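User: I have a new model open on my screen. Can you walk me through it?

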Amino acid sequence: MSPIFRIVSPNFQGMGIGLLYGQSPASLRNGRPLGYPVQREMSELETNLAGLEKILLGGPKIAVLTGAGISAESGIPTFRGEDGLWKKHRAEELATPQAFYHAPALVWEWYDWRRGIIASKEPNAGHRALVRWERYFPHFVLITQNVDGLHRRAGSQNVLELHGNIWEVRCTREGTITENYESPLNPIPPLCPACGAMLRPNVVWFGESLPAETLEEAYAASASCDLMFVIGTSAFVQPAASLPLLAAERGVPIVEVNPQPTPLTASADFVFRGRAGDVLPLIDERLPAGSTGG
Ligand SMILES: NC(=O)c1ccc[n+]([C@@H]2O[C@H](COP(=O)([O-])OP(=O)(O)OC[C@H]3O[C@@H](n4cnc5c(N)ncnc54)[C@H](O)[C@@H]3O)[C@@H](O)[C@H]2O)c1
Ligand SMILES: [Zn+2]
């Protein structure tokens, strides 16, 4: 790793760039002393953007890992945020094979509620920036932990959905996977039209294996990229959280976009302490105009 890429030292972690983006007073208070000199924050942002621009203009092979945070600005709750509870249940309790085995209707009600929220929301500026990057960079792989389908809805063509998709259902008897956009679902739990067995969401629950081929492609992209973005993930869920480490171990610059520090922050070379919908368009502006395909 050339020291030139180590622009944000660990000492700078926790400092925000939010003042530039007009964030709400609540988010400005997050982990930062009030009254921090704005000028200094601006120059750090500028340094970060300029350093990143240099790399981007060299046409690097890019891998991007996204998590629930990129969809937060679309109004979709994250698991670890303030909205992480549903009817007093923690997401980590409901998103398990055990919960589904013991209380399939409860788990389906939760998915039905989440599907209803997602259906009423739209992709945001963060998703849209990634669509443009896919068109702009010949080597670009988007890996997501999200199940909401918003990357595809925004227009991203190749998305590695590590944890499945909430708009797909799988027969618990036959394993058949089909798309299903019914919202609200009726009945709950939904039944397989072919054999009458219960359907389950085609998502990966805690304790389950990830789709092997998708994970393989995600590993390959992380092991061969020249630049890796980690956007809106708490980096607690494995094996997704280990992907950026594959890149970091090779000295590849890591860019973190997250209002909060994460376990990956220490491995990041560029730390943008802001919201994806604010930060990604700022980075996007550094690409040559007119060549990003709109
Ligand atoms: N939208 C979805 O599909 C969705 C929603 C919730 C959870 N999940 C699932 O939950 C698991 C949780 O892991 P995770 O790491 O993806 O999510 P998480 O809920 O654990 O963490 C969300 C992260 O996003 C950050 N964040 C919040 N707002 C942000 C913003 N505007 N811009 C950038 N970052 C922001 C938070 O600081 C946090 O670090 C994953 O398996 C994922 O599949 C998916
Ligand atoms: Zn069936």
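Analyst: Start with strand β10, residues 254-257, which is covered on both faces. I254 and E256 on one side are buried, and so are V255 and V257 on the other. Bear in mind that this is a predicted model.

User: Which way do β9 and β10 pair, parallel or antiparallel?

Analyst: Parallel, over four bridges. Within that pairing, F229 stands opposite V255 of β10.

User: Zoom out. How many helices and strands are in the protein chain?

Analyst: The protein chain has eleven helices and eleven strands. Of its 294 residues, 38% count as buried. Take the contacts between residues at least 6 apart in sequence: 67% of them join residues at least 24 apart.

User: Now the ligand. Which residues come nearest to ligand 1?

Analyst: G67, G69, T78, N146 and G232, out of 29 residues around ligand 1.

User: And which helix gives the most to that shell?

Analyst: Helix α3, residues 69-72, with four residues.

User: What is the shell made of by class?

Analyst: Eleven nonpolar residues, 14 polar and four charged.

User: Which domains does the shell draw on?

Analyst: Domain 1 and domain 2 each supply at least three residues. Domain 1 covers 1-76 + 123-163 + 210-288, and domain 2 covers 77-120 + 165-203.

User: Switching to sheets. What is the strand order in the open sheet of three strands?

Analyst: The order is β7-β6-β8, and the pairing is antiparallel. β7 (177-179) and β8 (199-203) each have a single partner strand, so one side of each has no neighbour in the sheet. On average, neighbouring strands here are turned by 45° against each other, ignoring direction.

User: How many bridges join β6 to β8?

Analyst: Four. β6 spans residues 164-171 and runs antiparallel to β8. G164 sits opposite V203 in β8.

User: Which non-glycine residue has a positive phi of about 60°?

Analyst: A235. You'll find A235 in the loop between β9 (227-231) and α10 (243-249).

User: Is A235 buried or exposed?

Analyst: Buried. A235 has 23 C-beta neighbours inside 10 Å, and the cut-off for buried is 20 or more.

User: And why does a positive phi get a mention?

Analyst: Because most residues other than glycine have a negative phi.

User: Last topic, A95. Where is A95 found?

Analyst: In the loop between α4 (91-94) and α5 (97-102). A95 is buried, because 23 other C-beta atoms lie within 10 Å.

User: What does A95 touch beyond residues up to four places away in sequence?

Analyst: W205 and F206.

User: How far apart are A95 and W205 in sequence and in space?

Analyst: They are 110 residues apart in sequence. In space, A95 and W205 are 5.1 Å apart, C-alpha to C-alpha.

Note on methods
Residues numbered from 1 in each chain as written. Chains lettered and ligands numbered in written order. Predicted model: local features only at pLDDT ≥ 70, side-chain atom pairs only at ≥ 80, totals over all residues. Near = placed C-beta within 6 Å. Helix = DSSP H or I, 4+ residues; strand = E, 2+ residues; numbered from the N terminus. Nonpolar A, V, L, I, M, F, W, Y, C, P; charged D, E, K, R; others polar. Domains from an automatic or database assignment. Pairing = 2+ DSSP bridges. Axes fitted to C-alpha atoms, helices over the stretch in contact; angles between N-to-C directions. Buried ≥ 20, exposed ≤ 12 C-beta atoms within 10 Å, placed from the backbone. Contact = placed C-beta atoms within 7 Å.
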